[in-house]
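Biologist: I would like to learn how the words used for a structure follow from the values behind them. Could you show me the model and then take my questions in turn?

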Amino acid sequence: MFRINHRCINCGTCWQFDSDHFAPEGERACVHAQPDGQEATEQALLALQACPVAAIETNRSLRSTTPVDGFPALIKEHPQGKIYYCGWASRRSFGACSWLITRPSGNVMVDVPRWSAPLARRIKALGGLRSIVLTHRDDVADHERWARTFCCDRWIHAADADAAPQAEQLINGGDAVPIADGLQLIPTPGHTQGSLCALLGGERAVLFSGDHLWWNPEHAAVVASERYCWWDFASQLQSVERLLDLDVALLLPGHGRRHAFAPGAWRTALEQTLNWSRRHHEP
Ligand code: SF4
């Protein structure tokens, strides 16, 4: 039996990871269906483990059966690398998703989970980390500990660098910067001044969007949120526009739902986002 307690901060981690059992309900999450069977129970236990504030409860004996190697969880095999969801969300990043890309030329973590020794052991077994990309100032969580453990470089835009002043690599200005073969960082100021997206691949690419964009399944739309824009929304919309010509097959945000796009659907979705946002934005 799983239940949600009063500590829930409504971050979305549980229902984004395990929508079979968890869902939003008003100002916090709810358990809309109890898991049935071993596989479903393990999925719910991993959602419990990922929760940043220990707001999901179950009995101790069931909890002790949580898989030790559940995270990182493989979500996509792309020609440029395997992509995993890291789980272990951090309250300091309001439960934002952290992603791991494993590739022969060196693994990359995009945004950072809370520190977890079991997760670190799994990442070490997958080849460690060559780089950490911090998409913006909000989602840096325990970057110090992760960078120290793996002796890897951290990338952040200079405009958000005060959130990670020890970062080894700064992006300046608005030009896209390749940081490894097939992986580039695209400055997308708006949500914060130093927001950036990471783009893996060219054709049928994967876009790690931080809090710049996410998918809203109820409206079947890509969202650029004015409500959660901390810097400048007009700039955020310009940053959306610069992504129109990409061929994105998979959107992986920090918050909100991920989404896969059919060929050609990305541009159409972003045009809808821009039209809707410009109609409703009050300058
Ligand atoms: S992961 Fe935890 S804090 Fe986040 S919505 Fe679910 S129960 Fe609430």
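Modeller: What follows is a conversation about this model, which is predicted.

Biologist: What makes A141 count as buried or exposed?

Modeller: A residue is called buried if 20 or more other C-beta atoms lie within 10 Å of its own. A141 has 25 other C-beta atoms within 10 Å, and therefore A141 is buried. The residue is found in the loop between β9 and α5, and A141 has a positive phi of about 40° although it is not a glycine.

Biologist: What makes the bond between F71 and P72 a cis peptide bond?

Modeller: The value to look at is omega, which is about 5° for the cis peptide bond that joins F71 and P72. P72 itself lies in the loop between α3 (60-63) and β5 (73-78).

Biologist: How do you know whether G256 is buried or exposed?

Modeller: G256 has 21 C-beta neighbours inside 10 Å, and because the cut-off is 20 or more, G256 counts as buried. G256 lies in the loop between β18 (248-253) and β19 (259-260), and, leaving out residues up to four places away in sequence, G256 touches W214, W215, N216 and V223.

Biologist: How do you know on which side of α5 its buried residues lie?

Modeller: The buried residues of helix α5 (residues 143-150) are H143, W146 and A147. They cover an arc of only 95° around the axis, and therefore they are on the same side of α5. In general, an α-helix has 3.6 residues a turn, so residues three or four places apart point the same way. What covers the buried residues of α5 includes β8 (108-110), β9 (131-133) and β10 (153-157).

Biologist: How many residues of each domain take part in the contact between domain 1 and domain 2?

Modeller: The domain assignment of the protein chain gives domain 1 (3-58) and domain 2 (73-280). Their contact takes 11 residues from domain 1 and 10 residues from domain 2. On the side of domain 1 that touches domain 2, α1 and α2 (38-50) each supply at least two residues, and the residues of that side divide into seven nonpolar, four polar and no charged.

Biologist: Which residues are closest to the ligand?

Modeller: Of the 15 residues that surround the ligand, the closest are C8, C11, T13, C14 and C51. The shell divides into 10 nonpolar, four polar and one charged residue, and α1 (13-17) and β3 (28-31) each supply at least two of its residues.

Definitions and conventions: Residues are numbered from 1 along each chain as its sequence is written. This is a predicted model: local features need pLDDT of at least 70, side-chain atom pairs count only at pLDDT 80 or more; totals for chains, interfaces and linings use all residues. A residue is near a molecule or strand if its C-beta atom, placed from the backbone, lies within 6 Å of it. Helices (H or I, at least four residues) and strands (E, at least two) are DSSP runs, numbered from the N terminus. Ala, Val, Leu, Ile, Met, Phe, Trp, Tyr, Cys and Pro count as nonpolar, Asp, Glu, Lys and Arg as charged, and the others, Gly among them, as polar. Domain bounds come from an automatic or database domain assignment. Two residues are in contact if their C-beta atoms, placed from the backbone, lie within 7 Å. A residue is buried if 20 or more other C-beta atoms lie within 10 Å of its own, exposed if 12 or fewer, and partly exposed in between; C-beta atoms are placed from the backbone. The arc is that of the directions from the helix axis to the C-beta atoms.
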